[in-house]
Amino acid sequence: MDGWITCFVRGIFCNLMVCLGVIGNMTARTVAGRVAMMWFPIFIFFALVFEHTVVNMFLFPLGMILGADFGVMTWLNFNLIPTILGNIVGGLIMTCIPLYLTHAKTAPSISAETEEQVQAEPALSAK
């Protein structure tokens, strides 16, 4: 269970870094800022050996092809499944949902008949 929890937590932190890179790239105004905000979180994710599902889907089968001493079921049970769940928690629950709740604008759709603009307000606004 120790290894399962470790992979799960590493998956959470990995997708936090990946999403931070994506959001930083979207919010930066200059090319240098975009490159820095995209690469630094990804560099941190690799340097701290966090677990990313897509990377593991390449590296573990490559290790098996090259003769690593583990099987497919061991890889699925002790790495891929906890990493997938950790990536989902880190990306969706800890990044996307808070970002949506703090920055999403809620407004009814523009009517095709009247074509009038509707003033939108944030989903969570301090009143």
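Author: Helices here are DSSP runs of H or I with at least four residues, numbered from the N terminus. The model is predicted.

Reader: Where is V49 placed?

Author: V49 sits in the loop between α2 (31–47) and α3 (53–65).

Reader: What makes the phi of V49 worth a remark?

Author: Phi of V49 is near 55 degrees, a positive value, and the residue is other than glycine.

Reader: Why is V49 called partly exposed?

Author: Buried means under 20% relative accessible area and exposed means over 50%. V49 has a relative accessible area of 48%, in between those limits, so V49 is partly exposed.

Reader: Why does L85 count as partly exposed?

Author: The relative accessibility of L85 is 36%, which lies between 20% and 50%, so L85 also counts as partly exposed. L85 lies in helix α4.

Reader: What makes the nonpolar surface patch?

Author: L85 is one of its residues; the others include M57, I81, I84, I88 and L124. The patch covers about 1,100 Å². Helix α4 (residues 72–103) gives the largest share, 10 residues.

Reader: How do you know where the transmembrane regions are?

Author: That comes from UniProt, in an unreviewed entry, which places the feature "transmembrane region" at residues 7–25, 31–50 and 84–101. Such annotations may be inferred rather than shown by experiment.

Reader: What is the helix content of residues 31–50 and of residues 84–101?

Author: Residues 31–50 are 85% helix and 0% strand, with end C-alpha atoms 27 Å apart. Residues 84–101 are 100% helix and 0% strand, and there the end C-alpha atoms are 24 Å apart.

Notes
Residues are numbered from 1 along each chain as its sequence is written. This is a predicted model: local features need pLDDT of at least 70, side-chain atom pairs count only at pLDDT 80 or more; totals for chains, interfaces and linings use all residues. Side-chain values use heavy atoms; hydrogens and water are left out. Helices (H or I, at least four residues) and strands (E, at least two) are DSSP runs, numbered from the N terminus. Patches are made of residues with over 30% relative accessible area and no salt bridge: like charges are joined within 9 Å, nonpolar side chains (Val, Leu, Ile, Met, Phe, Trp, Tyr) within 5 Å. Accessible areas come from the Shrake-Rupley method with a 1.4 Å probe; for residues, only the protein chains shown count as cover. A salt bridge is a side-chain nitrogen of Lys or Arg within 4 Å of a carboxyl oxygen of Asp or Glu. Buried means under 20% relative accessible area, exposed over 50%, partly exposed in between (1.4 Å probe, protein chains only).
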